[in-house]
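Hi,

Here is the structure I promised to pass on to you. Have a look at it first, and then read my notes below.

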Amino acid sequence: EATLDRWIGLLQHRSNGAAFFGDVGMYFLPYVEHLLDCWPDARFIVLRRDREATIQSFLNKTEGRNHWMDHDGTTWAHDPRWDASFPTFDAQDKETALRHYWDAYYAEVERLQQAHPEHIATFDMEALNSEAGRTANHDHAGIPRDGRELEGTFHQNKDTLWKRWMARLHEMRRSA
């Protein structure tokens with residue numbers, strides 16, 4: 001949590017005083033309630049992707065790796081950076097483990113949304129393709145309707161600071 005707090009503080013600093021700043025990452029889900037304790041005005045937007053499309057995407061993206069099952073490294077390569085980012089499941093195969101992950105992820109989203117409805121909203125991915133969907137998304141985030149043009153500075157997390165922060169987060173999760 002301390003590492004996460006430092007990361008959010010850095011994002012806030014990099015926002016140069018902008019009214020809104022944020023980040024995108026599935027790895028924030030376990031920390032939503034901590035983030036709300038620290039930043040009570042925070043808003044979370046969850047984009048729900050089709051289950052089968054998500055599973056197929058993960059299967060394609062992680063060929064040769066399996067972050068969702070405990071394994072000895074003979075069938076799949078260990079990836080300490082990403083293995084620590086996902087829960088593991090008792091499953092017969094990777095695809096089944098991914099189904100469990102998708103189900104568990106959105107079950108936790110539902111729990112959090114029921115506990116904090118004013119802070120968490122879920123939108124289907126396709127909502128980003130319509131004006132109505134984008135409006136609902138921005139409304140939830142609290143962005144004033146007259147200030148929704150995408151202007152300002154946007155930071156992509158390709159720098160070494162991000163890589164160092166992620167490595168530290170994974171190290172802390174492994175040792176916890």
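Predicted model: local features only at pLDDT ≥ 70, side-chain atom pairs only at ≥ 80, totals over all residues.

H6 itself spans residues 131–141, and its buried residues are Gly133, Thr135, Asn137 and His140. Strand S1 (44–48) and strand S2 (120–124) are among the elements that cover those buried residues.

**The overall layout**

The protein has seven helices and two strands. Following the sequence, they come in the pattern α-α-β-α-α-α-β-α-α. The protein has 176 residues, and 34% of them count as buried. If you take the contacts between residues at least 6 apart in sequence, 62% join residues at least 24 apart. The accessible surface is about 11,100 Å², with 51% of it belonging to carbon and sulfur atoms.

**The nonpolar core**

The largest nonpolar core holds 31 residues, and the ones with the most contacts inside it are Ile8, Phe28, Val32, Leu35, Phe44, Trp68 and Tyr101. At least two residues of this core come from each of helix H1 (2–14), helix H2 (32–38), S1, helix H3 (51–61) and helix H5 (94–115). H5 gives the largest share, eight residues.

Happy browsing, and best wishes

Notes
Residues numbered from 1 in each chain as written. Heavy atoms only, no water. Buried < 20%, exposed > 50% of the residue type's maximum accessible area, 1.4 Å probe, protein only. Helix = DSSP H or I, 4+ residues; strand = E, 2+ residues; numbered from the N terminus. Contact = heavy atoms within 4.5 Å. Core = buried A, V, L, I, M, F, W, Y, C linked by side-chain atoms within 4.5 Å. Areas by Shrake-Rupley, 256 points an atom, 1.4 Å probe, with all protein chains shown as cover.
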